[in-house]
Structure formats: C-alpha cells, structure tokens
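I am opening a notebook on a structure I have not looked at before.

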Amino acid sequence: MSGFDDPGIYYSDSFGGDAPVDEGQVRKSQLQKRFKEFLRQFRVGTDRTGFTFKYRDDLKRHYNLSQYWVEVEMEDLASFDEDLADYLYKQPAEHLQLLEEAAKEVADEVTRPRPSGEETLQDIQVMLRSDANAANIRSLKSDQMSHLVKIPGIVIAATPVRAKATRIAIQCRSCRNTISNIAVRPGLEGYALPRKCNTEQAGRPKCPLDPYFIMPDKCKCVDFQVLKLQESPDAVPHGEMPRHLQLYCDRYLCDKVVPGNRVTIMGIYSIKKSAQSKNRTRDNVGVGIRSAYIRVVGIQVDMEGSGHSFAGSVTPQEEEELRRLAAMPNIYETIAKSIAPSIYGSTDIKKAIACLLFGGSRKRLPDGLTRRGDINLLMLGDPGTAKSQLLKFVEKCSPIGVYTSGKGSSAAGLTASVIRDPSSRSLFMEGGAMVLADGGVVCIDEFDKMREDDRVAIHEAMEQQTISIAKAGITTTLNSRCSVLAAANSVFGRWDETKGEENIDFMPTILSRFDMIFIVKDEHNEERDMTLAKHVMSLHVSALTQTQAVEGEIELNKLKKLISFCRTKCGPRLSAAAAEKLKNRYILMRSGTRQHEQESDRRSSIPITVRQLEAIIRIAESLGKMKLQPFATEADVEEALRLFQVSTLDAAMSGSLSGAEGFTTQEDQEMLSRIEKQLKRRFAIGSQVSEHSIVQDFMRQKYPEHAIYKVLQLMMRRGEIQHRMQRKVLYRIK
C-alpha cells in the first residue's frame with residue numbers, strides 16, 4: 001500500500017491559464033545569449049598555432065584601461081552565426097542594444113573581481129566595422145531606412161561635444177510625484193513628456209495638464225557630437241552639388257575626426273522629426289515627413305595626418321613593383337613624360353610639376369619651428385599654352401587635389417570661414433580649399449584675376465603652411481600643408497617684349513614664395529608649329545586610343561600610387577658634398593642678379609632671396625624622393641639648379657627675356673622705330689644681308705648695340721626677317 005499517505009497536490013489556478021509568455025522577450029533573451037556566446041567563444045588562429053579569444057581579450061584589456069568599448073567585425077559575426085549578422089544588418093537599432101548588453105555581461109565575467117571603488121559595472125559601447133563595399137550618399141533611399149549602411153565621405157564640419165540624457169527622471173509640479181529611470185531612445189529622437197499625472201490622492205484637486213518637468217541632476221547623460229559629412233569630390237557626378245548628411249556620434253566616437261578628414265562611416269540610417277517651422281501654415285503638411293541622419297556605429301579614418309589616401313592600401317606585391325619602378329635609372333624622365341602625355345612639349349615645366357607632386361621633406365627644427373617641404377610653382381604666360389590643362393591633370397593625379405579659379409574664389413573660401421550653426425546659434429569654423437587640400441596640391445587658375453586682398457590671404461598658407469584666424473571670438477591655427485600650383489596671364493594678356501618688367505603684375509612678396517616661376521611664351525617657329533599641329537590633329541583623330549599607356553610612360557593610377565607611396569615612405573636630406581656645391585652656386589646667383597640690377601638701374605621684380613636657396617634644396621630632395629633614396633646627391637642638385645635656372649632666374653633676368661633694359665622711356669621708343677625704318681630701307685623683301693655687317697653699320701651711327709639686337713628680335717618675332725646659314729645671314733620675308 002505504498003503511497004497511500006501521499007497527499008495529492010491539488011491546486012486551482014485563479015488567474016485562468018498560464019501566464020502568457022512574451023514571445024519577443026524570449027527571442028530577445030535567446031539572441032542576447034547567442035551574442036554573449038559569440039563574444040566569449042570567438043577565437044582566431046588554429047589549435048596548432050595557438051589561438052586567442054579575440055573579443056574576450058579586447059574587452060578585458062579595454063576595461064582595465066577604463067576604455068569601455070569594443071570593436072566587432074561584422075565578418076567575424078557572420079562566420080560565427082550567419083543569422084545574427086543578418087539580424088544586425090536588417091534591424092540594427094534593437095540588436096545593437098542586445099549586443100551591448102551581452103558585452104556588458106561578458107565584461108562583468110572577465111574583469112571579476114574588480115578593485116574596491118570600481119564595483120559598479122560600466123556600460124560597454126560596441127562599435128562595428130565591416131569590409132563590405134561602401135555605398136554612396138546618393139544611393140541611400142527609403143528602403144535603406146533603419147538598416148546598417150556604410151558610406152565614405154569628407155567631414156566638413158563638427159559641432160562641439162554636448163551631453164544627451166539616456167535616462168531621465170521627471171517630477172510632477174503639483175504633487176511632487178517623481179518617476180525616475182525613463183529610458184530615452186538613442187539618436188536625435190527626443191522624448192515626449194507624459195501629458196497628465198495619474199496619481200490619485202484623496203482630497204486633492206487633480207493635477208493640471210503637462211505637469212511634469214525634468215530633474216537634470218538625476219539624469220544619466222552621454223557625450224554626443226553632430227558631424228556634417230559631404231560626399232567625396234570624385235563621387236559627385238559632373239555638374240552637381242555635393243550632397244550632405246548629418247551624422248550623430250556618441251560616447252567614444254566623439255572627437256575621433258576633425259573637419260577635413262576623409263572617413264568611411266558605418267551607421268544606422270535613421271530619421272528624426274524635422275524641426276517645427278516657426279510660421280505654422282494653415283494645413284499641417286509636414287506631418288509624415290522626416291529628415292534623415294545617420295547614427296554612427298563605427299568610423300574608419302582614411303588618412304592619418306596628410307594625404308595618405310593610398311598608403312594604407314599598398315599590398316606587398318605592389319610595393320615590390322613600385323620599388324622596382326623607383327629603381328629604374330631614367331625614372332625622372334619617365335615620370336615627367338607621364339605627366340599630361342596629351343600635352344606636347346614644355347618638358348621643363350612637366351619636370352617641375354613632377355618635383356611639385358613628390359615634394360621635398362618637411363623639417364622640424366629643435367626649437368619647434370618647421371620648414372616647409374612643399375614646392376610652389378607659378379606659370380606666367382600667353383593664352384593657349386595649355387596651362388589650365390596641366391592644372392587639371394595635376395588635380396587628378398595628386399593624392400588630394402583641389403582646383404579653384406582665381407575670380408571665383410574669395411579669401412574665406414580659400415582659407416577658412418567662421419559660420420553660425422543654424423540649429424544651436426553657436427559659431428563654428430569651416431575649412432576652405434587650402435585646409436581641405438592638406439597634404440595635397442591646390443591648383444589656382446587665373447591667379448592674376450584674383451582680388452588683391454584675397455591674394456594676401458594665401459601668403460601665410462604658402463610659407464608658414466598654417467592658416468591663423470581671429471574672427472568672431474574664435475582664435476585658432478589650422479594646418480594647410482599643401483603645394484600651390486598657380487597659372488596666370490601677364491598684364492597685357494600676352495607677353496609684351498617691349499614692356500619688360502611691367503608684364504609681371506605681382507608683388508615681390510608673393511613672387512618670392514614661389515619656388516619656380518615659369519614664363520611660358522608662345523614662340524613663332526615653323527618647325528615647332530608643324531609638330532604641334534600634327535600632335536593636336538592626332539589627338540583629335542585617335543582620341544579613343546588613349547586607353548592604354550604609351551611605351552615609356554606610367555599610367556595614371558600607378559603614377560598616383562607611386563606618388564603617395566614615395567611621399568609616405570621617403571624623406572631625403574642633402575648630402576654634404578651637394579650642400580657645399582649649392583652654397584657656392586647660390587652666392588654666384590646673388591651676385592649675378594646684383595650685377596644685372598646695377599646694369600639696368602632698377603630692381604628686378606623677381607627677387608633672389610634665401611627662400612630661393614631653400615627652393616633649390618627642396619627640388620633636389622624631391623628628385624631624391626622619386627628614386628626613394630635617403631640622400632639627395634650632387635647630380636640631383638645639378639638638375640635642381642638647372643630647373644631653377646630655366647625657370648626663376650630666366651624670369652628674374654628679364655633683361656634677356658622681356659628684353660627691355662629700361663626701354664620704357666619715350667626716346668628709347670623713338671630710337672627703336674628709327675632703327676627699324678632704316679633697316680627696312682637697307683634691304684628689300686627677298687634679299688639677304690649678313691647680320692654682323694648690319695650691326696657694325698648701325699654702331700658706327702652711334703646706336704647702342706642692344707637696341708639693334710632688340711629690333712632684330714622684334715622683327716623676327718613678327719615673322720618679317722629670318723636667320724639663314726647658321727644664323728649668320730638675315731633674310732627678309734615681308
């Protein structure tokens with residue numbers, strides 16, 4: 001009779017059926033368990049080589065440094081559990097919260113026992129990163145809403161870091177009833193306070209509408225910052241305005257980027273209520289319309305410091321190839337050839353532009369000053385000599401290139417402007433072209449058409465490589481480590497031989513900041529015109545064959561990689577022998593210009609100063625950098641001096657070039673026309689005379705020698721006479 005005294009358990013369920021299990025809650029806790037397993041068990045490596053638990057160790061290390069965040073790779077999550085990653089992509093807002101909870105629990109396990117005074121567990125922030133292909137700001141449509149997206153761009157503005165409540169406590173005004181720990185949704189969504197207080201107390205009147213107010217000292221807050229992202233310039237279709245997007249960063253993502261950085265953002269594409277317009281229209285139209293923003297969950301900065309847009313992405317094979325390229329004996333000529341191959345001739349200018357793209361090395365002196373390493377270049381010249389085309393090409397192949405035109409840019413647009421933020425009414429700063437091109441090249445076309453006060457704004461950026469601002473209570477200094485490549489016409493539109501120095505309209509202050517100044521002239525020369533015409537014709541006829549690079553040239557993408565690779569990996573110095581050689585040549589150069597100034601009794605408008613010496617050093621360093629050498633040799637200095645000679649010195653000694661050694665007075669002008677008349681009387685069209693006898697003849701009539709040569713030069717330029725028989729005989733054509 002076993003069990004006869006076992007009282008059966010009878011019970012009645014007074015609640016009617018089982019308590020309904022909340023399906024969503026169960027699913028959430030299961031997912032959280034899976035996330036926790038992932039963080040705890042995900043390991044890299046194999047059993048033989050020994051493996052590490054990646055996220056556990058990360059969490060522990062960061063937590064002990066009191067950095068409460070961990071970065072999770074989406075690829076790891078997908079390889080651990082495909083569904084989890086899919087959930088996180090499709091509904092990131094709620095699942096990210098589960099992942100953070102799971103991270104908090106794992107951190108709790110790996111850091112126990114914690115030291116006294118730190119028993120309370122901190123929240124962990126989870127950042128995501130992924131190797132997926134980035135989308136485009138333009139491709140974000142409504143079907144991406146509240147999904148995880150990845151977007152590249154440039155940060156153009158950042159607000160100061162402010163605080164946002166995550167949990168708030170509110171109190172009723174009349175009956176002092178408090179409700180605490182109300183969770184506020186993350187992001188830029190607000191929280192609507194309850195309209196009425198529902199505590200019923202006997203003998204008291206009911207509380208009025210809207211009785212609650214927030215108690216600020218009982219709230220928990222996090223930092224947040226709003227950034228403005230602009231799509232990268234190369235992704236903008238032609239002729240369109242670049243689009244902007246608002247980004248919301250919180251906690252450890254704040255202050256990771258500064259304006260001007262190129263970034264790739266992982267974030268949740270979400271919406272916020274658009275701000276209520278002040279003038280309420282009759283019918284409330286914008287009732288379902290929301291504006292979009294991105295809640296950032298991971299930032300990758302593409303360039304540390306300056307222009308390393310490719311440096312991170314060079315594989316060992318590519319590096320091998322680039323080093324092989326740089327070790328070629330004629331690399332300098334090859335690079336010069338590859339710069340704008342569709343433009344015929346002007347090899348010296350292309351060589352100078354090659355030097356500008358590679359740049360010298362920046363020096364930091366022991367007393368904290370820096371000497372710039374970037375080379376600035378000015379092209380002065382006649383219209384139709386392909387100056388702007390060269391500028392456009394440089395903008396394409398420089399790691400970071402900004403192209404502006406002189407008339408359409410103001411001082412603030414080039415340097416920096418202070419703007420009032422429309423939402424918070426506070427002032428913040430937006431960098432202009434010179435700041436955005438930090439580590440690259442700024443191409444300024446129509447440099448002579450710029451207003452004088454705008455041109456002054458570039459002075460500091462060109463020599464000190466900083467931009468200082470003191471406007472509207474903001475005093476600051478921005479970096480602008482960029483080269484300037486400028487193109488300008490001379491004063492009279494074309495280079496006028498008779499006017500001499502007046503062709504150059506710039507102040508010596510700005511001219512001395514350019515390392516090389518080229519005077520590009522449109523010479524009349526039958527052979528050259530022939531080849532040029534052939535070249536242009538062939539370009540127009542066979543425009544499609546430009547797809548493959550010609551023998552002995554590097555194609556654009558490889559050139560771009562080579563430039564950024566050399567810029568990051570190499571910073572050569574002058575060798576001792578080269579320095580000694582340079583010193584002697586510089587002294588000669590100074591005395592040469594001094595002598596020239598004494599002869600012509602006027603100051604040259606292109607001065608030769610210590611800056612020019614530094615310019616030659618920079619050019620020599622950039623030549624060494626092309627070959628990836630640690631030192632610039634004597635050969636480099638030779639070439640640098642030659643480049644300097646053909647550019648700036650020729651422009652400075654404008655006695656020989658712009659011919660006029662003080663021929664600006666009226667008498668000189670009359671004398672020239674007298675000589676010309678006599679010359680034309682001397683020999684008829686179609687006859688030949690020896691040049692020497694003409695010069696002797698005129699010198700007997702007490703005309704100065706240089707004036708006679710001047711007239712001959714002018715007539716040759718107009719195509720009236722020609723040299724024959726090794727330039728001994730003059731032949732008159734018309």
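Below are my entries on a residue, a helix and a hairpin.

**Entry 1: Thr-111**

I noted at the start that this is a predicted model. I looked up Thr-111 and found it in helix H5, which covers residues 92–111. Is Thr-111 buried or exposed? I have it as buried, because its relative accessible area is 8%, and the cut-off for buried is under 20%.

Next I checked its side chain. The side chain of Thr-111 reaches the backbone oxygen of Ala-107 at 2.6 Å. I also found a polar contact, at 3.1 Å, between the side chains of Thr-111 and Arg-114. Then I set aside the neighbours within four places in sequence. Thr-111 is then in contact with Tyr-63 and Asn-64.

**Entry 2: helix H21**

I moved on to H21, residues 691–700. Which residues are buried there? I listed Glu-691, Ile-694, Val-695 and Phe-698. They lie on the same side of H21, because they cover an arc of only 95 degrees around the axis. An α-helix has 3.6 residues a turn, so residues three or four places apart point the same way. On the other side of H21, I found His-692 and Arg-700 exposed. After H21 comes Lys-702, and I noted its positive phi, near 65 degrees.

**Entry 3: a hairpin**

I ended with strands S27 (residues 721–724) and S28 (residues 729–732). They run antiparallel, and four bridges join them. I looked for the bridge partner of Ile-721 and found Arg-732 in S28. The two strands form a hairpin, with four residues between them. In the turn, Met-725 has a positive phi of about 50 degrees.

Notes: Residues numbered from 1 in each chain as written. Predicted model: local features only at pLDDT ≥ 70, side-chain atom pairs only at ≥ 80, totals over all residues. Heavy atoms only, no water. Buried < 20%, exposed > 50% of the residue type's maximum accessible area, 1.4 Å probe, protein only. Polar contact = N/O pair within 3.5 Å; in protein donor to acceptor, adjacent residues only side chain to side chain. Contact = heavy atoms within 4.5 Å. Arc of directions from axis to C-beta. Pairing = 2+ DSSP bridges.
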